[in-house]
Every structure is written in structure tokens, then in C-alpha cells.
Amino acid sequence: MATLIKSNGEETNVLPKNKTDFKLDELQNYVGGLIETVRTKDNKIMVINEEGKINELPINYKATEMYKYNVFDFIVGDVLICNEKEIL
């Protein structure tokens with residue numbers, strides 16, 4: 001089961017429509033645009049909006065803490081945290 005983390009801090013567990021893996025259109029709907037994937041500190045996949053910073057989406061503080069590696073960077077917009085098997 002994946003977790004949607006909205007930029008306001010709200011978290012919701014979500015399942016793919018087919019119950020096994022997310023399709024591209026589902027991922028794009030969750031993050032509100034083109035997708036990019038990055039790894040979290042615990043090696044899960046974080047799906048983010050590729051153009052989030054360009055579009056000035058709000059900072060997602062929860063997602064940023066999950067992502068941060070000893071460098072200054074931040075995550076914006078809504079994100080989906082999932083395991084590899086949920087994305088083909």
C-alpha cells in the first residue's frame with residue numbers, strides 16, 4: 001500500500017486501481033503533473049511532480065524530511081511514497 005503525502009501534511013493510504021501497480025496516469029493524477037522519482041532515506045520510491053519547483057508548488061515538509069540526505073534540497077507539492085513493486 002502506498003502513502004499519499006499532501007503538501008499540507010495530510011497522509012492517506014492508497015491502492016492502485018488494479019490492486020497491484022500504479023499506471024502512469026494514476027501517478028500523474030496524484031502529483032498533479034509530470035512525474036519524477038527519487039529515493040527516500042529508507043529506500044522507498046517517492047513520486048514527485050517533475051515541474052513542481054518551476055510551478056512554485058508549496059513545500060512539502062514531511063516529504064522533504066523523508067528525502068533529505070545531508071544536502072539542502074526540498075520537495076514540493078503532493079507526493080506518493082511506494083515500493084518498487086507498485087511501479088512497473
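Mentor: Rings of Phe, Tyr and Trp count as a pair if their centres lie within 6.5 Å. Keep in mind that this is a predicted model.

Trainee: How many aromatic pairs does that rule give here?

Mentor: The count comes to two aromatic pairs.

Trainee: What describes a pair of aromatic rings?

Mentor: The distance of the centres and the angle of the planes. Take Phe 22 and Tyr 30: their centres are 6.0 Å apart, with 85° between the planes. That pair is edge-to-face.

Trainee: Which pair is tilted, and why?

Mentor: Phe 72 and Phe 74. Their planes stand at 55°, so the pair is tilted, with 6.3 Å between the centres. Edge-to-face needs over 60 degrees, and stacked needs under 30.

Trainee: Is Phe 22 buried or exposed?

Mentor: Buried, because its relative accessibility is 4% and the cut-off is under 20%. Its partner Tyr 30 is partly exposed, at 22%.

Trainee: Where do Phe 72 and Phe 74 fall on that scale?

Mentor: Phe 72 counts as exposed, at 71% relative accessibility. Phe 74 has 27% and is partly exposed.

Trainee: Which residue lies over the face of Phe 74?

Mentor: Lys 53, at 4.7 Å from the ring centre.

Trainee: What is Thr 64 in contact with, leaving aside neighbours within four places in sequence?

Mentor: Phe 74 is one of its contacts. Thr 64 belongs to helix H2, residues 61-67. With a relative accessible area of 6%, Thr 64 is buried.

Conventions: Residues numbered from 1 in each chain as written. Predicted model: local features only at pLDDT ≥ 70, side-chain atom pairs only at ≥ 80, totals over all residues. Heavy atoms only, no water. Buried < 20%, exposed > 50% of the residue type's maximum accessible area, 1.4 Å probe, protein only. Lys NZ or Arg CZ within 6 Å of the ring centre and 35° of its normal. Helix = DSSP H or I, 4+ residues; strand = E, 2+ residues; numbered from the N terminus. Contact = heavy atoms within 4.5 Å.
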